[in-house]
Amino acid sequence: MVFRFHNNRNVPYRPPRQHSEDVAGGFNLYWRFVRAYLWPYRWRLLLCMVIVAINGSSVYLMAFYGRYVVDNILLVPVNPRVETPRKPRFDNAPSRPSNRLGKSSQRATEGLSRTLDIDGGYPLKHAPNAGGRLAAIFILHFATLLIINSLARIANRQQITLGQTTAAAMRDDLHRKVLELSLAYHKKHTAGRLLARIMSDVQVVQQNLMITVITLTQSVSAIAVGATILMAAEWRIAVIAFLAAPLYALVWKKSHPGIVEIAREQRHTNSCMYGLLSQKLDAVKAIQAYARQRKEHLIFHRLSSCFLRDALCQQRQSAAVSGLCAIVSAGATMAIFIMGTWMVVNGGMTLGKMLFVYGAAANLFGPVLMLSHVSIVFSSLLVTLQRLVNILDQPVEIRDNDRKHPFPTPLRQGIRLTNITFTYNESEPILRNVSMNIPGGKWVCVMGPSGCGKTTLLYVVSRLYEPTAGQITVDGVPLENLKLTSLRKHLALVPQEAEMFRGTIRENIAYGHVHAQPSQIVAAAKAAEMHDLIMSMPVKYESLVGEKGTDLSGGQRQRLSLARALLTDPDVLLLDDCTSALDADTEHRIQQTLSRIMKGKTALVVSQRVSMAMRCDYIYVLANGRITQAGTHEELLKQPGFYERLHTQQTE
Amino acid sequence: MHANSKLDWALAFLRPYRRRILTVVILTIILSVLAMLPPLLVKYVIDRVITRGQIHYLVPLATALIAVPIVTAIMRFVQTMGLSYIGQFFVFHVRNALYQHLLSMPMRFYGKHSVGMLVNRLMGDSGVVQRILTAQTIGVLSDLVCASFAVCATFLISWRLALIMIVVIVAFVVNYKVNITRIRDATRSYQGAYDRLSGGIQNRLHSTVAVKTFGTEMREHQVFQGTLYGSLGLVQQAMISSNTFSMNTQLIHQGGHSILYFAGCALVLQGSLSYGEVVAFTAYAVQLLMPAVRFSMIAKELQDVNIATDRLMELFKEGSEIEDAADAVNVERLRGEVEFDHVVFWYESGTPVINDFNLRVKPGMTVALIGPTGCGKSTILSLILRFFDVCSGELRLDGIDIRTISLESLHKQFGIVLQEPLLFSVTIAENIRYGRGNAPMEEVRAAAKVAEIHDFIMTLPDGYNTRIGSEGLELSVGQRQRITIARAVLADPAILIMDEATSSLDSDSEKAVQTAMERVLKNRTCFVVAHRLSTIRNADIIVLLKDGRIQEQGSHDELMKIPDGHYRKLYKTHMGKTVIEE
C-alpha cells in the first residue's frame with residue numbers, strides 16, 4: 001500500500017517549510033517538559049495512573065462475573081458431540097467454592113445437558129439457590145461499577161485540574177519569556193504567530209502531555225493484565241491473539257511516516273492561511289481600491305485547495321489504517337470465537353470460559369490500537385514541544401548584568417555613542433561606525449533620508465536593540481551596566497507609529513505612570529495638543545480606544561503617544577519623527593510646548609522638519625547608516641549638503 | 001438564532017453534494033444493519049452449536065462471522081472517505097464564501113471587527129462546524145437506524161427487559177436535561193475568557209515598543225496572569241461539569257447494562273428465556289443505548305458547534321450596505337470629473353463628520369485637502385473611493401451618481417497611496433504590479449523611478465524579486481510608502497488619491513518624488529491630503545477644512561491674497577518664518 005502522496009503544494013503565499021522539524025533529543029525534550037510541569041504534581045499524577053490502570057483491568061473482572069453466572073448459576077447446558085446423556089450431578093458445583101474458578105464447573109454443565117431434549121434449549125433446573133446467588137452477584141457487579149465510576153470521576157477531575165494548571169503554568173512562562181525577548185525578536189516574529197504558540201500550541205501540549213502518560217499506563221497495564229489472564233485461561237487462544245500483534249505493527253510501520261509527513265505539511269498550510277488572512281484583511285482597503293477582490297479570492301482559493309487536498313489525503317490514509325486494523329482485530333477475535341466454540345463443543349471448555357476468553361481477547365485489541373495511537377500523538381507532540389522550546393530557550397539578549405547602576409540623574413556629560421555598528425539578520429549593516437554625543441540638558445537632532453537608520457539609532461540608544469559593535473555610555477557608565485528598570489524610567493521614546501492599548505484614553509495616557517493625578521494627565525494631554533479634542537468627545541477621558549486606535553486618526557494617535565511619554569516626566573526624551581502625521585499648525589504648537597517643558601532636559605529628536613531641527617542644539621545628518629554631517633543649525637547652513645538643501649526646500 | 005435557519009444555512013452549502021450524501025446515508029444504513037448481524041450470529045452459535053450440538057451450523061456461521069467484519073471494514077472505509085470528502089469540501093466552501101464576503105465588506109465593518117477575530121472565525125469556527133455536519137450527524141443517523149432495529153429486536157426477545165431498558169433511556173434524558181444548561185453556560189463563559197486572554201496577548205505583542213520603553217513587562221505580565229488564572233477556574237468549571245455529565249452517562253449506561261443482563265439471567269432461571277437470547281439482548285441494548293451515550297458524549301461539542309455556527313452566520317448576515325445597485329452601470333475610463341453636491345456624512349448619526357460639502361473638480365485638476373487632524377480629510381477620500389456611502393447629498397463622477405456605478409468598474413479608476421502603506425509579503429515587483437498585474441517590467445521600473453525607489457531596489461541582491469514582509473526583507477516606513485506610490489503610478493488610474501503619501505519621506509526625496517509625479521499628475525484628477533504646505537502649493541484647488549466644512553477654498557495665490565486668511569497664517573507658520581521672527 002502506498003501511503004505517500006505528492007500533492008502540488010507550490011501555491012502563492014505558501015513558502016516551503018523552512019526548518020526540518022526533526023526533533024533534537026526527542027525523549028529528553030519530552031522528559032524536560034514532564035519534569036518542569038508535571039513533576040510538582042507527581043503524586044496526583046500517580047494516583048491518576050493507578051486508577052486508570054485499575055479501571056483498565058476492570059473489564060476482566062466484569063467478564064469474570066459473567067463467566068461465573070453462566071457456569072455456576074445458570075448452568076447453561078452444553079451439548080457435547082457424544083450425544084449420550086450422562087448422570088446429572090447438580091450438587092457438585094455449588095458445594096465447592098473452587099468451582100467458580102475452574103474446570104470443575106464443566107461437570108455441572110455437562111450434567112444438565114439432558115434437560116435440553118425435554119424443553120428445546122431452556123434448562124429447567126439450575127444450581128440450588130440460584131436466585132439468591134444471582135442477586136448477590138448482581139449486587140457485587142453493580143458495586144464494582146459504582147466504585148470504578150467514582151474512581152474514574154476522581155481521576156478525570158484530577159486530570160482536568162492538572163492539565164489546566166500545567167497549561168496555565170506553560171502560558172505563564174511563555175508569556176513572560178516573550179515579553180522579555182528583545183524588540184529585534186519581535187520584529188522577526190509576527191504577533192499572530194507568537195499568539196498561536198501561546199494559545200494553540202500550549203493547548204495541544206496540555207492535551208497530549210497528560211494523555212501520553214495516562215494512555216500509556218492504561219494500555220500497557222490492560223495489555224499486561226489481559227495477556228496474563230488469557231495465557232492462564234487458555235494459552236492456545238492467547239497464541240492466536242498474539243499472532244495478530246505483528247500484523248498491527250506492520251500496518252502501523254508502513255503508514256506512520258506518510259501520516260506524520262502529511263500532517264506537517266497540512267499544519268504548515270494551515271498557518272500560512274492564517275498569515276495570508278491577517279495580512280489581506282489588514283489591507284482590505286488596498287484590495288478594494290484596486291478592485292482586486294476576484295484575484296485575491298483566487299489566491300485564497302488556491303491555498304485552501306492545497307489544504308483540502310492534503311486533508312483528504314490524510315483522511316484517506318487514516319481511514320485505510322483504521323480499516324486495516326479493524327479487519328485484523330475482527331479477524332482475530334472471530335477466529336478466537338470459532339476456535340472457542342470448537343473447543344466447547346468438543347468438551348475441552350465450558351461455555352462461560354469460552355465467552356470469557358473471547359471477551360478478554362477482544363478487549364486486548366483496544367489497548368494495542370491505543371498504544372499505536374499514543375506513538376502518533378507522541379511524535380506530533382514532540383514537534384509542538386520543539387516549537388515551544390524554540391521560544392523558551394531563546395536567549396534574552398537584553399537583560400541586567402550584575403552591575404545594576406542606577407540611571408545617572410541629572411545627566412551631566414550625557415550619552416556618548418562610540419563607533420556603533422548595528423547589523424540586522426546578517427544583512428547589510430544599518431548603522432556603520434556611528435559616533436555621536438548627546439550632552440546632558442541639550443537637544444540633538446538626527447536627520448536623514450528615509451531608510452538611513454534613524455529609527456534603529458533611537459532603538460539602540462534606548463537599548464531596545466543591542467549594538468553589534470561599539471559602545472554607548474551614559475555619564476561614563478556603559479549602557480549595559482545600567483539597571484534596565486531605572487533606564488526605562490528615565491528615558492522615554494515616542495515611536496513613529498503610535499501604539500495603542502485597548503482601554504480608555506486616560507489609561508492610554510497614564511500607561512507609563514499609572515498613579516498619575518488627573519491634573520497631571522490633563523497637563524500632558526494639553527502639552528500634546530490633545531486636550532481640546534478629548535474634551536469634545538462624549539465621555540472625554542473615559543472614551544474607549546480600540547487595539548489599533550481605529551477610532552483615532554494617525555495624528556491623534558501620535559499626539560496621544562506623545563502625551564503618554566510626557567506624563568512620565570523623563571530625563572531623556574527620544575522622539576522618532578512623532579509629528580509626521582500632524583498638520584503644520586499643531587506641530588508648531590507642540591514644538592513650542594516641548595521646548596518649554598523640556599527645557600534643561602536631554603532630547604534626541606529624529607525629524608524631517610527644519611523647524612524642529614532649528615530648536616535643537618546640535619544636528620547630525622545620517623545617510624546610509626553613517627554620519628555625513630554634524631554641527632549646529634548655523635554651521636550646517638553654511639555647508640552645502642543635505643541639511644542646507646532641506647532648509648531651502650522647506651522655507652523657500 | 002433559530003435552529004431552522006442554521007440548518008438551512010448549512011444545507012445550502014451541502015446541496016451540491018446531495019448525491020454523495022445519499023450514498024453515504026445508504027452505506028450507513030447498510031452498515032447499521034450489518035452491525036446487527038454479529039450478535040445474532042453469536043446467539044445462534046451459543047443456542048444451536050453449543051447448547052444443542054448442531055455442529056453442522058458451525059461452518060456457515062463461522063464464515064459469516066469472519067466475512068461480516070471484513071465487508072464492514074471495507075464499507076466503512078468508503079463511508080469515511082465519502083464523509084471526509086463532504087466535510088472537507090464543506091469547510092472549503094464556507095471559508096471561500098466567507099473570505100469573498102469579507103473582501104466585499106465596507107470599511108465600516110472593519111472598523112467594528114478586529115482582523116484577529118475575523119481570522120479566528122474564518123479558520124477556527126468553520127472547522128468546528130464541520131465536525132458536526134459530517135461524522136456526528138451521520139453517526140446519530142446510523143445510531144437511530146440501529147436503535148429502531150434494536151427496539152424491534154428487544155421487544156421481540158423479551159418485552160419485560162425492553163421495559164427496563166426504557167426506564168434506562170429515561171434516566172439518560174433526565175441526566176441530559178439536568179446538566180446541559182450548566183455546561184452551556186460554563187462553555188460560554190470560558191470561551192469569553194479565552195477571547196480576552198488572546199486579545200490581551202495580541203494587543204501587547206502589537207505594542208512591544210511601548211511595553212519595552214516604559215519597562216512595563218512585569219506589569220503587563222501580571223495583568224496577563226490575572227486573566228490567565230481567572231480563566232483557569234472557568235475552564236476547569238466547564239470541563240468538570242461536562243465530566244460529571246459524561247460520567248453520569250457512563251454510569252447509567254453500564255449500570256443499565258448490568259441491570260438488563262442480570263434481569264435477563266433471572267428470566268433464564270425462571271425458564272422463560274435462553275441464555276443466547278440474553279447475550280443477544282444485551283448486545284442490542286448496547287446498540288440502543290448508543291445514541292443516548294453518543295449524544296451525551298458530544299453534548300459539549302454540540303454546544304461548541306452551536307456557538308460557532310452562530311458566530312459564522314453573524315458574519316454572513318452582516319450585509320454590505322455598499323452593493324451594486326440593480327441598474328449599476330459599468331463605466332469605461334472616467335474623465336475624472338468629481339462633484340460633491342451637498343454631501344453630508346456621519347459614522348454615528350448625530351455627529352456629522354462631513355457637513356454640507358460642495359466641491360466641483362474638473363478633469364485633470366489637482367485638489368489638495370488640508371486642515372487640522374480629524375477634520376474629515378481622509379473621510380472625503382473614502383467617500384470618493386466609495387468605502388462609505390454618503391448619508392445625504394450626492395457624489396458624482398463624470399456626472400454619474402457614484403452609487404449607480406458598478407463597484408468593480410469604479411475601483412478600476414483609482415490609484416491610491418494611503419497613510420499606512422499596505423504591502424503584501426510577496427516580491428517587490430508583485431507589490432508594484434498590484435493594480436495592473438500584466439504590466440511589463442520596463443513600466444514597473446519606470447514607476448519605481450518616479451517613486452524614487454528604483455535605486456534602492458537595485459542595491460538589493462535580488463532586485464525587484466526581493467521578497468518583503470515578515471518572511472523577507474523589512475523596509476522602513478518611508479520605503480514602504482514609496483513602493484505604494486510606485487504601485488499607484490503603475491496602475492495608471494483616472495483618479496489618483498494620495499493620503500499623506502509622503503509624510504514619512506524626508507523633504508529631499510519628497511521633493512524628488514514630487515517633481516517626478518508632476519508628469520504623472522498631468523491630465524489626471526488627483527486628490528491629495530497633506531500636512532506640508534510645500535507639497536500642495538502647486539495644487540489647482542486648495543480646500544481648507546475645519547470640522548467637516550470648507551473654511552477656505554482656492555489656489556495658493558488666491559488664498560495668500562486673503563489678508564488674515566487661515567491658509568496664509570498656516571503657510572507662514574509652516575515655513576518657519578514665525579519661528580525666526582520670534
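Mentor: Start with salt bridges: between chain B and chain A the count is zero. This is a predicted model, so that count is computed from predicted atoms. The contact itself draws on 151 residues from chain B and 160 residues from chain A. About 14300 Å² is buried between the two chains, and carbon and sulfur atoms give 66% of that area.

Now pick out one helix, α6 of chain B, which covers residues 159-206. Two packed helices are described by the angle between their axes and the distance between the axes. Take a partner from the other chain. On the α5(A) side, the contact is made by Gln164(A), Arg171(A), His175(A) and Val178(A). On the α6(B) side, Tyr194(B), Ile201(B), Arg204(B) and Leu205(B) take part. By class, that gives four nonpolar, two polar and two charged residues.

Next, stay within chain B. Helix α8 of chain B, residues 217-270, has an axis that comes within 9 Å of the axis of α6(B), and the two cross at roughly 170 degrees. Angles over 145 degrees count as roughly antiparallel, and therefore α6(B) and α8(B) are roughly antiparallel to each other. This crossing is left-handed. The residues of the contact of α6(B) with α8(B) split into 26 nonpolar, 14 polar and five charged.

Terms used
Residues numbered from 1 in each chain as written. Chains lettered and ligands numbered in written order. Predicted model: local features only at pLDDT ≥ 70, side-chain atom pairs only at ≥ 80, totals over all residues. Heavy atoms only, no water. Axes fitted to C-alpha atoms, helices over the stretch in contact; angles between N-to-C directions. Helix = DSSP H or I, 4+ residues; strand = E, 2+ residues; numbered from the N terminus. Parallel < 35°, antiparallel > 145°, perpendicular 65-115°, else oblique. Left-handed = near helix turned anticlockwise from the far one by under 90°. Nonpolar A, V, L, I, M, F, W, Y, C, P; charged D, E, K, R; others polar. Contact = heavy atoms within 4.5 Å. Buried area = accessible area lost by both parts, 1.4 Å probe. Salt bridge = Lys/Arg side-chain N within 4 Å of Asp/Glu carboxyl O.
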